[in-house]
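Visitor: Hi, I have a structure to go through today, and I'd like to ask about it bit by bit. Could you look at it with me?

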Amino acid sequence: MVKVSVILPVYGVAQYIVKCTESLLAQTLDDMEFIYVDDHGPDNSIELVKQTIAGHPREGQFRFLKPEYNMGAGMARNFAIPQAQGEYIAFVDSDDWVEPTMFEELYNAAQNNVSPDTGQGGVDLCYCQASKDYLDGKPSEILKSPEVEPGDFTPEKRRHFLANYVSYFWTFIYRREQIDANAIRYPEERSADDSYFVACNLLTAKTIARVDKPFYHYLIRPGSVVTTKNSTKYQKRLAVFGHLMEYAKSHGVYEEYKTEVDYIYLKKGCLSSVLNYIYNTSEPQREVLAEIIEELDRQVPDYAANPYLRRRTALRALVHLIRCCPRTALCVLPAYVRLTKPTV
(Lines give C-alpha, C1' and ligand atoms only; values in the text may rest on other atoms or scores of the structure.)
Protein backbone atom coordinates (compact mmCIF):
# COMPACT_ATOMS: atom_id res chain seq x y z
CA MET A 1 0.00 0.00 0.00
CA VAL A 2 1.22 3.50 -0.84
CA LYS A 3 1.59 5.42 2.39
CA VAL A 4 2.30 8.90 1.00
CA SER A 5 1.72 10.36 -2.45
CA VAL A 6 3.83 13.45 -3.17
CA ILE A 7 2.48 15.78 -5.86
CA LEU A 8 4.77 18.25 -7.66
CA PRO A 9 3.66 20.73 -10.34
CA VAL A 10 6.56 21.35 -12.72
CA TYR A 11 7.06 24.54 -14.72
CA GLY A 12 10.36 26.16 -15.65
CA VAL A 13 12.50 24.82 -12.80
CA ALA A 14 15.35 23.10 -14.63
CA GLN A 15 17.93 24.84 -12.43
CA TYR A 16 16.43 23.41 -9.23
CA ILE A 17 14.52 20.24 -10.00
CA VAL A 18 17.42 17.79 -9.82
CA LYS A 19 18.12 18.72 -6.19
CA CYS A 20 14.42 18.44 -5.41
CA THR A 21 14.19 15.03 -7.07
CA GLU A 22 17.32 13.74 -5.36
CA SER A 23 15.82 14.70 -1.99
CA LEU A 24 12.77 12.56 -2.82
CA LEU A 25 14.90 9.63 -3.93
CA ALA A 26 16.64 9.82 -0.54
CA GLN A 27 13.42 9.43 1.49
CA THR A 28 13.61 6.79 4.22
CA LEU A 29 9.92 5.90 3.92
CA ASP A 30 9.64 3.01 1.48
CA ASP A 31 6.00 2.91 0.35
CA MET A 32 5.62 6.16 -1.57
CA GLU A 33 4.77 7.53 -4.98
CA PHE A 34 5.92 10.76 -6.58
CA ILE A 35 3.55 12.39 -9.08
CA TYR A 36 5.12 15.03 -11.33
CA VAL A 37 2.63 17.18 -13.26
CA ASP A 38 4.22 18.54 -16.43
CA ASP A 39 2.54 21.95 -16.69
CA HIS A 40 3.86 22.75 -20.20
CA GLY A 41 6.98 24.54 -19.04
CA PRO A 42 9.51 26.17 -21.38
CA ASP A 43 12.51 24.02 -20.46
CA ASN A 44 13.62 20.40 -20.02
CA SER A 45 12.67 20.00 -16.36
CA ILE A 46 10.79 16.72 -16.86
CA GLU A 47 13.63 15.22 -18.92
CA LEU A 48 16.04 16.08 -16.11
CA VAL A 49 13.83 14.27 -13.62
CA LYS A 50 13.72 11.17 -15.79
CA GLN A 51 17.48 11.23 -16.17
CA THR A 52 17.93 11.63 -12.41
CA ILE A 53 15.73 8.65 -11.49
CA ALA A 54 16.90 6.32 -14.30
CA GLY A 55 18.12 3.05 -12.85
CA HIS A 56 17.36 4.03 -9.26
CA PRO A 57 15.54 1.47 -7.06
CA ARG A 58 12.73 4.02 -6.63
CA GLU A 59 12.28 4.69 -10.35
CA GLY A 60 9.02 2.74 -10.44
CA GLN A 61 7.53 4.99 -7.75
CA PHE A 62 7.66 8.02 -10.09
CA ARG A 63 4.64 8.89 -12.22
CA PHE A 64 4.33 11.63 -14.84
CA LEU A 65 1.09 13.39 -15.76
CA LYS A 66 0.54 16.05 -18.40
CA PRO A 67 -2.70 18.02 -18.73
CA GLU A 68 -3.74 19.36 -22.12
CA TYR A 69 -2.71 22.94 -21.32
CA ASN A 70 -0.88 25.03 -18.73
CA MET A 71 -3.00 25.08 -15.58
CA GLY A 72 -0.93 26.84 -12.95
CA ALA A 73 0.34 25.18 -9.79
CA GLY A 74 -2.95 24.94 -7.89
CA MET A 75 -4.99 23.45 -10.70
CA ALA A 76 -2.10 21.12 -11.60
CA ARG A 77 -2.27 19.78 -8.04
CA ASN A 78 -6.03 19.33 -8.46
CA PHE A 79 -5.36 17.41 -11.67
CA ALA A 80 -3.17 14.95 -9.76
CA ILE A 81 -5.17 14.50 -6.55
CA PRO A 82 -7.78 12.06 -7.98
CA GLN A 83 -4.98 9.89 -9.35
CA ALA A 84 -3.03 9.69 -6.10
CA GLN A 85 -3.12 6.28 -4.40
CA GLY A 86 -1.52 7.11 -1.05
CA GLU A 87 -3.12 6.99 2.36
CA TYR A 88 -1.78 10.53 2.69
CA ILE A 89 -1.13 13.25 0.12
CA ALA A 90 1.70 15.77 0.33
CA PHE A 91 2.78 18.66 -1.89
CA VAL A 92 6.30 19.73 -2.75
CA ASP A 93 7.19 22.71 -4.94
CA SER A 94 9.65 21.53 -7.55
CA ASP A 95 12.22 24.25 -6.78
CA ASP A 96 12.33 23.27 -3.08
CA TRP A 97 13.78 20.19 -1.35
CA VAL A 98 13.12 18.10 1.72
CA GLU A 99 15.09 16.29 4.41
CA PRO A 100 15.47 12.49 4.00
CA THR A 101 13.32 11.53 6.99
CA MET A 102 10.51 14.03 6.39
CA PHE A 103 7.78 11.69 5.20
CA GLU A 104 8.74 8.76 7.40
CA GLU A 105 8.60 10.87 10.54
CA LEU A 106 5.38 12.64 9.54
CA TYR A 107 3.71 9.35 8.59
CA ASN A 108 4.78 7.65 11.80
CA ALA A 109 3.61 10.59 13.90
CA ALA A 110 0.27 10.50 12.09
CA GLN A 111 -0.12 6.78 12.76
CA ASN A 112 1.11 6.83 16.36
CA ASN A 113 -1.31 9.49 17.58
CA VAL A 114 -4.50 7.74 18.67
CA SER A 115 -7.73 9.65 19.09
CA PRO A 116 -9.01 9.34 22.67
CA ASP A 117 -12.59 9.44 21.34
CA THR A 118 -12.35 6.79 18.60
CA GLY A 119 -9.26 4.87 19.72
CA GLN A 120 -8.05 4.93 16.10
CA GLY A 121 -4.72 6.08 14.74
CA GLY A 122 -4.06 7.87 11.50
CA VAL A 123 -4.82 11.56 12.05
CA ASP A 124 -6.27 13.74 9.31
CA LEU A 125 -3.38 16.22 9.33
CA CYS A 126 0.24 16.02 10.42
CA TYR A 127 2.68 18.90 9.99
CA CYS A 128 6.29 19.91 10.57
CA GLN A 129 8.36 23.08 10.39
CA ALA A 130 10.19 24.55 7.41
CA SER A 131 13.39 26.40 6.63
CA LYS A 132 13.15 29.51 4.45
CA ASP A 133 16.33 29.48 2.36
CA TYR A 134 17.79 32.28 0.23
CA LEU A 135 20.00 32.12 -2.86
CA ASP A 136 21.85 35.33 -1.98
CA GLY A 137 23.50 33.93 1.13
CA LYS A 138 21.09 35.49 3.59
CA PRO A 139 20.72 33.27 6.70
CA SER A 140 17.85 30.80 6.64
CA GLU A 141 14.77 31.38 8.77
CA ILE A 142 12.66 28.78 10.56
CA LEU A 143 8.98 28.88 9.60
CA LYS A 144 6.59 27.54 12.22
CA SER A 145 2.88 26.87 12.21
CA PRO A 146 0.90 27.29 15.44
CA GLU A 147 1.55 24.54 17.96
CA VAL A 148 -1.33 22.36 19.11
CA GLU A 149 -1.27 19.12 21.07
CA PRO A 150 -1.72 15.97 18.97
CA GLY A 151 -4.98 14.05 18.99
CA ASP A 152 -8.52 15.28 18.52
CA PHE A 153 -8.72 18.67 16.80
CA THR A 154 -10.94 20.22 19.45
CA PRO A 155 -12.76 23.53 18.91
CA GLU A 156 -10.23 25.28 21.16
CA LYS A 157 -7.26 23.93 19.18
CA ARG A 158 -8.98 24.71 15.88
CA ARG A 159 -9.72 28.30 16.87
CA HIS A 160 -6.12 28.83 17.93
CA PHE A 161 -4.76 27.38 14.69
CA LEU A 162 -7.20 29.27 12.46
CA ALA A 163 -6.51 32.59 14.15
CA ASN A 164 -2.74 32.20 13.78
CA TYR A 165 -2.15 29.95 10.78
CA VAL A 166 0.17 30.61 7.89
CA SER A 167 -0.09 28.93 4.52
CA TYR A 168 2.87 26.55 4.79
CA PHE A 169 0.83 23.96 2.92
CA TRP A 170 3.90 21.91 1.97
CA THR A 171 4.69 21.16 5.63
CA PHE A 172 1.56 18.97 5.95
CA ILE A 173 0.60 15.47 5.00
CA TYR A 174 -3.17 15.29 4.42
CA ARG A 175 -5.16 12.10 4.81
CA ARG A 176 -6.60 11.48 1.35
CA GLU A 177 -10.01 10.49 2.72
CA GLN A 178 -10.14 13.82 4.59
CA ILE A 179 -9.53 15.77 1.39
CA ASP A 180 -12.07 13.80 -0.64
CA ALA A 181 -14.79 13.59 2.02
CA ASN A 182 -14.77 17.38 2.39
CA ALA A 183 -14.38 18.21 -1.32
CA ILE A 184 -11.20 20.21 -0.76
CA ARG A 185 -9.41 21.42 -3.86
CA TYR A 186 -7.30 24.43 -4.81
CA PRO A 187 -9.27 27.38 -6.26
CA GLU A 188 -8.61 28.32 -9.87
CA GLU A 189 -7.31 31.80 -9.02
CA ARG A 190 -3.52 31.87 -9.05
CA SER A 191 -3.19 33.76 -5.78
CA ALA A 192 -3.45 32.54 -2.18
CA ASP A 193 -4.76 29.18 -3.40
CA ASP A 194 -2.47 27.40 -0.94
CA SER A 195 -3.80 29.46 1.95
CA TYR A 196 -7.35 28.48 0.97
CA PHE A 197 -6.43 24.79 0.81
CA VAL A 198 -4.87 24.82 4.28
CA ALA A 199 -7.79 26.75 5.79
CA CYS A 200 -10.38 24.31 4.39
CA ASN A 201 -8.48 21.41 5.93
CA LEU A 202 -8.18 23.21 9.26
CA LEU A 203 -11.93 23.83 9.26
CA THR A 204 -12.87 20.21 8.63
CA ALA A 205 -10.12 17.91 9.99
CA LYS A 206 -11.04 15.92 13.09
CA THR A 207 -7.53 14.94 14.27
CA ILE A 208 -4.04 16.43 14.03
CA ALA A 209 -0.40 15.74 14.93
CA ARG A 210 2.96 17.44 14.43
CA VAL A 211 6.71 16.87 14.36
CA ASP A 212 8.73 19.84 15.58
CA LYS A 213 11.54 19.65 13.02
CA PRO A 214 12.27 21.84 9.95
CA PHE A 215 12.07 19.12 7.30
CA TYR A 216 11.02 21.29 4.35
CA HIS A 217 13.38 23.74 2.59
CA TYR A 218 11.47 26.60 1.00
CA LEU A 219 13.65 28.40 -1.53
CA ILE A 220 13.27 32.12 -2.24
CA ARG A 221 14.54 32.71 -5.76
CA PRO A 222 14.28 35.54 -8.32
CA GLY A 223 11.44 34.99 -10.77
CA SER A 224 9.44 32.61 -8.60
CA VAL A 225 5.68 33.07 -8.42
CA VAL A 226 5.83 34.71 -4.99
CA THR A 227 8.41 37.28 -6.13
CA THR A 228 6.81 38.19 -9.49
CA LYS A 229 4.79 41.43 -9.44
CA ASN A 230 1.21 41.55 -10.72
CA SER A 231 -0.91 44.67 -10.24
CA THR A 232 -4.24 42.79 -10.47
CA LYS A 233 -3.34 40.01 -8.03
CA TYR A 234 -5.40 41.67 -5.29
CA GLN A 235 -8.59 40.87 -7.22
CA LYS A 236 -7.77 37.17 -7.28
CA ARG A 237 -6.82 37.24 -3.60
CA LEU A 238 -10.14 38.82 -2.64
CA ALA A 239 -11.97 36.23 -4.73
CA VAL A 240 -10.12 33.33 -3.05
CA PHE A 241 -10.99 34.45 0.46
CA GLY A 242 -14.55 35.05 -0.69
CA HIS A 243 -14.53 31.38 -1.73
CA LEU A 244 -13.32 30.49 1.76
CA MET A 245 -16.29 32.28 3.31
CA GLU A 246 -18.58 30.33 0.96
CA TYR A 247 -16.84 27.05 1.78
CA ALA A 248 -17.21 27.54 5.53
CA LYS A 249 -20.91 28.35 5.16
CA SER A 250 -21.69 25.51 2.75
CA HIS A 251 -19.93 22.96 5.00
CA GLY A 252 -21.76 24.05 8.12
CA VAL A 253 -18.77 25.35 10.07
CA TYR A 254 -19.10 29.09 9.60
CA GLU A 255 -21.37 29.82 12.55
CA GLU A 256 -19.16 27.92 15.01
CA TYR A 257 -15.96 29.51 13.72
CA LYS A 258 -17.34 32.81 12.45
CA THR A 259 -14.92 34.88 14.54
CA GLU A 260 -11.90 33.07 13.12
CA VAL A 261 -13.10 32.89 9.49
CA ASP A 262 -14.02 36.58 9.52
CA TYR A 263 -10.59 37.41 10.94
CA ILE A 264 -8.92 35.38 8.18
CA TYR A 265 -10.90 37.30 5.58
CA LEU A 266 -10.05 40.63 7.20
CA LYS A 267 -6.34 39.89 7.59
CA LYS A 268 -5.45 37.63 4.65
CA GLY A 269 -8.14 38.78 2.26
CA CYS A 270 -8.65 42.51 2.79
CA LEU A 271 -5.47 43.85 4.38
CA SER A 272 -3.08 41.59 2.47
CA SER A 273 -4.85 42.63 -0.73
CA VAL A 274 -4.21 46.29 0.05
CA LEU A 275 -0.53 45.74 0.82
CA ASN A 276 -0.03 43.44 -2.18
CA TYR A 277 -1.74 45.94 -4.47
CA ILE A 278 0.50 48.76 -3.28
CA TYR A 279 3.61 46.60 -3.57
CA ASN A 280 2.71 45.56 -7.12
CA THR A 281 1.65 48.99 -8.41
CA SER A 282 3.78 52.02 -9.23
CA GLU A 283 0.88 54.47 -8.95
CA PRO A 284 -1.75 53.04 -6.54
CA GLN A 285 -5.24 54.54 -6.80
CA ARG A 286 -7.74 55.42 -4.07
CA GLU A 287 -10.51 53.77 -6.06
CA VAL A 288 -8.87 50.38 -5.57
CA LEU A 289 -8.62 50.87 -1.81
CA ALA A 290 -12.30 51.80 -1.78
CA GLU A 291 -13.11 48.68 -3.81
CA ILE A 292 -11.33 46.45 -1.29
CA ILE A 293 -13.00 48.11 1.71
CA GLU A 294 -16.39 47.82 0.01
CA GLU A 295 -15.84 44.08 -0.36
CA LEU A 296 -14.85 43.84 3.32
CA ASP A 297 -18.12 45.57 4.27
CA ARG A 298 -20.06 43.11 2.13
CA GLN A 299 -18.36 39.99 3.46
CA VAL A 300 -17.89 40.98 7.12
CA PRO A 301 -20.18 43.93 7.95
CA ASP A 302 -19.51 43.58 11.67
CA TYR A 303 -15.71 43.28 11.34
CA ALA A 304 -15.04 46.13 13.80
CA ALA A 305 -16.37 43.98 16.66
CA ASN A 306 -14.07 41.04 15.88
CA PRO A 307 -12.17 40.25 19.11
CA TYR A 308 -8.96 39.29 17.29
CA LEU A 309 -8.93 42.63 15.49
CA ARG A 310 -9.69 44.50 18.70
CA ARG A 311 -6.58 42.95 20.27
CA ARG A 312 -4.37 43.97 17.31
CA THR A 313 -3.82 47.71 17.61
CA ALA A 314 -1.67 47.97 14.49
CA LEU A 315 -4.23 46.15 12.33
CA ARG A 316 -7.06 48.33 13.66
CA ALA A 317 -5.04 51.43 12.85
CA LEU A 318 -4.31 50.13 9.36
CA VAL A 319 -7.98 49.47 8.61
CA HIS A 320 -8.91 52.94 9.91
CA LEU A 321 -6.20 54.55 7.78
CA ILE A 322 -7.32 52.80 4.61
CA ARG A 323 -11.03 53.45 5.22
CA CYS A 324 -10.97 57.00 6.57
CA CYS A 325 -7.77 58.49 5.18
CA PRO A 326 -7.07 56.83 1.80
CA ARG A 327 -5.05 59.81 0.53
CA THR A 328 -2.76 59.57 3.56
CA ALA A 329 -2.62 55.80 3.22
CA LEU A 330 -1.35 56.13 -0.34
CA CYS A 331 1.36 58.52 0.84
CA VAL A 332 2.50 56.40 3.79
CA LEU A 333 2.02 52.77 2.81
CA PRO A 334 4.13 52.55 -0.39
CA ALA A 335 7.33 53.44 1.49
CA TYR A 336 6.39 51.09 4.31
CA VAL A 337 5.67 48.22 1.92
CA ARG A 338 8.90 48.72 -0.04
CA LEU A 339 10.90 48.77 3.16
CA THR A 340 9.32 45.87 5.02
CA LYS A 341 7.48 43.74 2.43
CA PRO A 342 5.06 42.87 5.23
CA THR A 343 2.74 39.92 5.52
CA VAL A 344 -0.47 40.02 7.56
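Visitor: To start, how many cavities of 30 Å³ or more does a search of the whole structure find?

Guide: Please keep in mind that this is a predicted model. The search of the whole structure finds one cavity of 30 Å³ or more, and the volume of the largest cavity is about 50 Å³.

Visitor: Which residues line the largest cavity?

Guide: The lining is made by Tyr 127, Cys 128, Gln 129, Lys 144, Ser 145, Glu 147, Arg 210, Val 211 and Asp 212. The elements that give two or more residues to this lining are strand E6, residues 125-134, and strand E10, residues 207-220.

Visitor: Which strands does E2 pair with?

Guide: On one hand, E2 pairs with strand E1, residues 4-10, in the parallel sense over seven bridges, and Val 10 has Asp 38 in E2 as its bridge partner. On the other hand, E2 runs parallel to strand E3, residues 62-65, and is joined to that strand by four bridges, with Phe 34 standing opposite Phe 62 in E3.

Visitor: What sort of unit do E1, helix H1 and E2 make?

Guide: E1, helix H1 (residues 17-25) and E2 make a right-handed β-α-β unit. A right-handed β-α-β unit is also made by E2, helix H2 (residues 45-53) and E3.

Visitor: Let's move to strand E4. Are its faces covered or open?

Guide: Both faces of E4, residues 88-91, are covered, with Tyr 88 and Ala 90 buried on one side and Ile 89 and Phe 91 buried on the other.

Visitor: What does E4 pair with?

Guide: E4 pairs with E1 in the parallel sense over four bridges, and in that pairing Ser 5 stands opposite Ile 89. E4 also pairs with strand E9, residues 172-175, in the antiparallel sense over three bridges, where the bridge partner of Ile 89 is Tyr 174.

Visitor: Going back to Phe 91, what does that residue touch?

Guide: If we leave out residues up to four places away in sequence, Phe 91 touches Ile 7, Arg 77, Ile 81, Phe 169, Trp 170, Tyr 174, Tyr 186, Phe 197 and Tyr 216. Phe 91 is also among the residues with the most contacts inside the largest nonpolar core, a group that includes Val 4, Val 6, Tyr 36 and Tyr 174 as well.

Visitor: How many residues does that core have?

Guide: The largest nonpolar core has 116 residues, and the largest share, 11 residues, comes from helix H9, which covers residues 258-280.

Visitor: What about Ala 183, and where is it?

Guide: Ala 183 also has a positive phi, near 50 degrees, and sits in the loop between helix H6 (176-181) and helix H7 (193-204). Its relative accessibility is 54%, so Ala 183 counts as exposed.

Visitor: Last one: is Val 123 buried or exposed?

Guide: Val 123 counts as buried, at 2% relative accessibility, and its place is in the loop between helix H4 (102-112) and E6. Leaving aside neighbours within four places in sequence, Val 123 is in contact with Tyr 88, Ala 110, Asn 113, Arg 175, Thr 207, Ile 208 and Ala 209.

Notes:
Residues are numbered from 1 along each chain as its sequence is written. This is a predicted model: local features need pLDDT of at least 70, side-chain atom pairs count only at pLDDT 80 or more; totals for chains, interfaces and linings use all residues. Side-chain values use heavy atoms; hydrogens and water are left out. Two strands pair if DSSP finds at least two bridges between them. A crossover is right-handed if, with the strands pointing away from the viewer, the path from the first strand over the helix to the second runs clockwise. A nonpolar core is a set of buried Ala, Val, Leu, Ile, Met, Phe, Trp, Tyr and Cys residues joined through side-chain atoms within 4.5 Å. Buried means under 20% relative accessible area, exposed over 50%, partly exposed in between (1.4 Å probe, protein chains only). Contact means heavy atoms within 4.5 Å. On a 1 Å grid over the protein atoms alone, a cavity is a set of points where a 1.4 Å probe fits but cannot get out, and a pocket is an open set with protein on both sides within 12 Å along at least five of seven lines; lining residues have an atom within 4 Å of a point. Grid points are joined across faces, edges and corners, and a volume is the space filled by probe spheres set on the points.
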